[in-house]
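Hi,

Here is the structure I promised to send over.

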Amino acid sequence: MSTHNRILKWSLLAGALYFFSVSIAHMLGFKTPLLFIYFNVPSYAYQDRIISFLAFGWAVFFFTAFTDPRKNSALVKAILVAGASALIGVSMINSATDFQSFDSAINPMVFWLEAGGLFVYWLWLVVFHYHSGK
């Protein structure tokens with residue numbers, strides 16, 4: 001297994017663990033930064049549970065891709081496309097929402113930093129997916 005493929009493989013496992021953690025945090029209502037992007041914005045329990053189920057699905061997809069990234073190359077590509085879409089969606093939310101109307105203490109820059117971290121991870125996956133195919 002090439003170094004690029006090995007890095008991609010373990011990076012996908014990290015993503016599976018991250019989304020599993022997001023799922024647990026949302027199910028239990030632990031509003032922790034990084035596990036809740038909008039950790040200090042009011043939400044309803046039913047919304048958090050929906051996010052929990054969806055995050056669990058992402059965890060399953062990442063874990064499945066982790067088992068053999070070369071064999072599951074189409075799944076890795078789907079994860080990258082879905083990830084790009086999610087990043088665009090979060091950016092649209094960050095740009096269009098007046099978070100301070102919920103609470104004047106909310107600093108939207110934190111949400112941009114979290115989105116930036118997810119972008120860096122997504123770009124990391126793109127680079128190693130591209131190089132693992134060579």
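Predicted model: local features only at pLDDT ≥ 70, side-chain atom pairs only at ≥ 80, totals over all residues.

Residues are numbered from 1 along each chain as its sequence is written, and side-chain values use heavy atoms, with hydrogens and water left out.

I paired rings of Phe, Tyr and Trp (its six-membered ring) if their centres lie within 6.5 Å, calling planes under 30 degrees apart stacked, over 60 edge-to-face and the rest tilted. That rule gives 15 aromatic pairs. In one of them, Phe-19 and Phe-62, the planes meet at 40° with the centres 5.3 Å apart, so the pair is tilted. Phe-19 belongs to helix α1 (residues 3–28) and Phe-62 to helix α2 (residues 45–67), 43 residues apart in the chain; helices here are DSSP runs (H or I, at least four residues), numbered from the N terminus.

Phe-62 also forms a stacked pair with Tyr-121, at 6.3 Å centre to centre and 25° between the planes. This one links helix α2 to helix α4 (residues 109–132), across 59 residues.

Phe-62 is buried, with a relative accessible area of 3%, whereas Tyr-121 is partly exposed at 22%. (Buried means under 20%, exposed over 50%, partly exposed in between, with a 1.4 Å probe and protein chains only.) Phe-19 is buried too.

Ring pairs join Tyr-18, Phe-19, Trp-58, Phe-62 and Tyr-121 into a cluster. Finally, Lys-9 lies over the face of Phe-66, 4.3 Å from the ring centre; the rule asks for NZ of Lys or CZ of Arg within 6 Å of the ring centre and within 35 degrees of the ring normal.

Best wishes

Definitions and conventions
Helix = DSSP H or I, 4+ residues; strand = E, 2+ residues; numbered from the N terminus.
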